[in-house]
Amino acid sequence: MNQILKVEGVTKRFGGIRALYRVSLHVGEKEILGLIGPNGSGKTTLINVITGVYEPKEGEVLYNGENLVGLPPHQIAMKGIVRTFQLTRPFGNLSVIDNVIVGSLLKSDDIVEAREKSIETLEMVGLGDYVHVLSKDLTTGNRKRLELARALTMEPSLMLLDESLAGLTLAEMRENLTLLKKIRSERGISMIVVEHVVKAVMDVSDRIVVLDAGEKIAEGDPRSIAKNEKVIEVYLGKAM
Amino acid sequence: MSKADPRDYLTRNRYLFYIPIVILFFIPLLPIPIYVMHVLVLSLLFAYLCTSWALISGFAGQVSLGHTCFYGIGAYTTTLLFHYYGLTPWIGGIIGIAFSAIFAFILGYACFRFKVRGPYFTFATLASTVILEGLFVSQSQITGGELGIEMPYIGSPLYFQFTEKTHYYLVILVLWLCVLFLSRRIQNTKFGYYLFAIREDEDAAEACGINTTKYKIFALVLSAALTGFGGVFHSQYYLYITPSAVYGLDRSFQISSTALVGGSNVWFGPSLGSFLINPIVEWTRATYGGTIYTLPLMIYGLLMILIGRFLPEGISGIIQRLISYKREKDTQKGRS
């Protein structure tokens, strides 16, 4: 499989805290990579390093062979790596449609065209009835959908979804997971799915990477991860 | 669900804007007292300045309290070039605008490149006006210091000078309309959408592929250049400028507070504020100026408090709410 993203030996510190230590991983074309780990294990930091929000102390982030370290976030977004935020960050005082238009303007300068594309995407994620609502008035579940729609209109080749399921009801979660699979099969977008809900990630991912305290402790297909002793220890504590 | 542009309500009801504009053009034909004419010119000048200010401070959300920098640079460049070299303000004005834009670029680059945002940007702009005012006061052998400098009166349109107030009125009316339509245009383009995104959440805007630094600098330079031309108009209208008149902090506050009262998030908001506030302030100044010296300022303060409490989006907020209510109704009609 072709690797579109390759993270090699990334280390990031905040003062004395080691947020990431020599983390390496890769994402293949059309692959959904699950990224799990307990609170504070460095999942979001890794996303921030890939998208250029933080510059790592060591290591490389290679996207189609090109090193992204040092590029500002907007350039990385232009290259086709798009993220969503764990705590959703809609443009609150803009309507839902305007939020998505901002995203779709990345690939088009024409407002009318951008609007049409945005409406299509909003229908697809299930926000068709909320087009003119101010995005700050949306519920958590719908905000997550909005983040997803905004990311999708940017026509990425790699999407980084930071806990796009947290705070959702079970039914909403199932819907979103089906949606992700649909997006992958229809648009061929690769994804890194950062998630807390291990069960959900197991369902959707082709492969899983587990972080703990900033280090990669396991990697493999969902079934082997579920049986991995280190992973069980991290999540459930040591067996007595 | 309607696929139409949600702004189509405004487009369909264009006459709401065109009728007042036509009336404004016919006002000079009426026998209007000079003082009223002066108030109209002032209102239009502030409408112009506030609309320009809103491009960076309302649309892009980077509140500037230093727009008098650009205003003063425009006014002083024109006046000094005319005073010392006899250069017509039409050309001097262009140079003044260029200087305003260059100053804005330096200020914007210094701030935005190094992530000076929000209140810190506001302080930087505030400091700039104070510094520039001090600079122009101190260089009195050139600028005339605190006493200011006069523009020689020639009274010819070739020198941007008119014999009648109504002519100035028409000039500022046209200028205001230009900036108003520019602002409206921007609101419906990629540039406008990007500025709104930056105002709402800069990091999320970056994640959407927006070069926030570039767009903020561009908005500031555009806003400054327009404001600079306001300064050029000021120097020709009064034919006499002092550092405190063009760089004074009170003017900076006046621009921002007027725009906020009208609502700075939408193209027509700042103008509404100006047409509301300037007549009231001028009237109180004329009536009570001798007895209750600070009354105009008190009115500003009171309005700011009331607006902040009841209409945080300014007067234009009411209109926008009405429009979105109409739009909802139209959408529902379309469905059934």
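Which residues in H4(B) meet which residues in H11(B)? In H4(B), B:His67, B:Phe70, B:Tyr71, B:Gly72, B:Ile73, B:Gly74, B:Ala75, B:Thr78 and B:Thr79 meet B:Ala224, B:Thr227, B:Gly228, B:Phe229, B:Gly230, B:Gly231, B:Val232, B:His234 and B:Ser235 in H11(B). Contact means C-beta atoms, placed from the backbone, within 7 Å. The contact has 7 nonpolar, 11 polar and no charged residues (Ala, Val, Leu, Ile, Met, Phe, Trp, Tyr, Cys and Pro are nonpolar, Asp, Glu, Lys and Arg charged, and the others, Gly among them, polar).

The model is predicted, with local features needing pLDDT of at least 70 and side-chain atom pairs pLDDT 80 or more, while totals for chains, interfaces and linings use all residues. Residues are numbered from 1 along each chain as its sequence is written, and chains are lettered from A and ligands numbered from 1 in the order in which they are written.

Helices (DSSP runs of H or I, at least four residues, numbered from the N terminus) H4 (residues 67–85) and H11 (residues 212–238) of chain B pack at about 50°, with axes 7 Å apart. Axes are lines fitted to C-alpha atoms over the stretch in contact, and angles run from 0 to 180 degrees between N-to-C directions.

Between chains, 27 residues of chain A are in contact with 23 residues of chain B. Helices H2 (73–79), H3 (96–104) and H4 (111–125) of chain A each give two or more residues to this side of chain A, which divides into 14 nonpolar, 7 polar and 6 charged residues.

Definitions and conventions
Two residues are in contact if their C-beta atoms, placed from the backbone, lie within 7 Å.
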